[in-house]
Amino acid sequence: MATYKEIFGTNIEVLASDPANPVTGQVWYNSTDNLVKGNGATTVGSWATGGGLNNGRYAGIGGAGTQTAGLAFGGYSGPLGRTGVTEAYNGSAWTELNDLNTGRSGGGSTGQSPQSTAFYYGGDAGPATVGNAETWNGTSWTEVNDLNTARENFAGAGVQTLALAFGGTPPTTGVTESWNGSSWTEVNDLNTARAYLHGSGTQTAAIGAGGYSPTAVTELWNGTSWTEVNDLNTARGYLPSNGGTQTDTIVAGGYSTVTVGNTETWNGTSWTEDADLSGARSWGGNAGTSSALIYFGGTPPESTPATEEWTGAGAPLTVTFTDS
């Protein structure tokens, strides 16, 4: 029988502790634990509890950044009303920062922007639907040019200087606008007008999925027009934007006839059911990607501060080998 060295050209390493950054397929002997271990990868995604928001809220909370450097802004809760509260996440806890200039809910945000360059636009400022747009520089928010069509409950995609806004209310619309860093230009509408939908991707390669009344419709944007592709497995709306790219994104939670915790991942062609949120909820916020995401707030009519952290399939996983 061939030995490990004959196959791989090296002996199994003997280490006093597990390596900090093992590569997939690496095997070692932990002399402290007296165990043979290896590095593999997770086969399915999973959710874990993260640190809660300081201010629980729902209704189109804006999100930007990553799972370990995220940003949450805007939204609605009973105690706060329509709010401009902004909070930063460091991977374990949220810290409150400077508020939006115009407190509101139901706006759009750009998930591919880093924590230091977020963008929030449109929304419900109560009593009016507004087109207000604001940029974040890591410290404070600055008013910039408004959307051409004031609206709320729509989806966003892109970054602070190259963004997209599509769908929304009132009334329910498919209007799409493109942002070049200084002004908005109306472009081709969604094929299916809707609100409360998921959006992610870039200004020229976005995805819009779901919406309410509950629909499973998914459309892709190529910078010029929308094309309908394969539907979500579970029709639903009240979905957060952000969560990846046009070819690799995630949709979690939402509302159909009831609030759900369903999680689905998109590979550029079709949606796959994955592990549900720990608790069913809708209308929260997202920051991150399909492999490392945070979902925060949500569940109207009662708002929650709860944050859940998603680890997608393929994440590093240390396994222990036994003789059984």
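So, to start: what volume does the largest cavity have? About 160 Å³. Before I go on, the ground rules: this is a predicted model, where local features need pLDDT of at least 70, side-chain atom pairs count only at pLDDT 80 or more, and totals for chains, interfaces and linings use all residues. Residues are numbered from 1 along each chain as its sequence is written, and side-chain values use heavy atoms, with hydrogens and water left out.

Back to the cavity. By cavity I mean a set of points, on a 1 Å grid over the protein atoms alone, where a 1.4 Å probe fits but cannot get out. The points are joined across faces, edges and corners, and the volume is the space filled by probe spheres set on them. With a threshold of 30 Å³ or more, the count comes to 1 cavity. Its lining, meaning residues with an atom within 4 Å of a point, has 21 residues, and Gly 60, Gly 107, Phe 154, Leu 239 and Ser 241 lie nearest the centre. The strands β5 (62-65), β11 (108-109) and β26 each supply at least two lining residues. Strands here are DSSP runs of E, at least two residues long, numbered from the N terminus.

Now, rings with rings. You describe a pair by the distance of the centres and the angle of the planes. Rings of Phe, Tyr and Trp (for Trp, the six-membered ring) pair if their centres lie within 6.5 Å; planes under 30 degrees apart are stacked, over 60 edge-to-face, and the rest tilted. How many aromatic pairs does a search of the whole structure find? It finds 23. Take Phe 119 and Trp 179: their centres are 5.1 Å apart and their planes at 40 degrees, so that pair is tilted. Phe 119 is in β12 (119-124) and Trp 179 in β17 (176-179), so the pair ties together parts that are 60 residues apart in sequence. Buried or exposed? Phe 119, at 0% relative accessibility, is buried, and Trp 179 is buried too, at 1%. The cut-offs are under 20% relative accessible area for buried, over 50% for exposed, and partly exposed in between, with a 1.4 Å probe and protein chains only.

Then look at Tyr 238 and Trp 283, an edge-to-face pair with 5.0 Å between centres and 85 degrees between planes. Tyr 238 sits in the loop between β22 (226-229) and β23 (249-252), and Trp 283 in the loop between β25 (271-274) and β26 (285-288), 45 residues apart. Both are buried. They also belong to a cluster linked by ring pairs, along with Tyr 58, Tyr 76, Tyr 196, Tyr 212 and Tyr 255.

Let's go back to β12, where 6 of 6 residues are buried. Two strands pair if DSSP finds at least two bridges between them. On one side, 2 bridges join β12 to β11, antiparallel, with Tyr 121 as the bridge partner of Gly 108. There are also 5 bridges from β12 to β13 (129-136), again antiparallel, and Phe 119 has Thr 135 as its partner there. The hairpin of β12 and β13 has 4 residues between the strands, and Gly 126 takes a positive phi near 55 degrees.

Another hairpin is β9 with β10, also with 4 residues between them, where Gly 91 in the turn has a positive phi of about 105 degrees. β9 (86-89) and β10 (94-97) share 4 antiparallel bridges, and Ala 88 stands opposite Thr 95.

Last stop, an open antiparallel sheet of 4 strands, in the order β4-β28-β27-β26. β4 (46-49) and β26 are at the edges with a single partner strand each, so one side of each has no neighbour in the sheet. β4 pairs with β28 (307-311) over 4 antiparallel bridges, and Ala 48 stands opposite Glu 309. And β26, remember, is one of the strands lining that cavity.

Technical notes
On a 1 Å grid over the protein atoms alone, a cavity is a set of points where a 1.4 Å probe fits but cannot get out, and a pocket is an open set with protein on both sides within 12 Å along at least five of seven lines; lining residues have an atom within 4 Å of a point.
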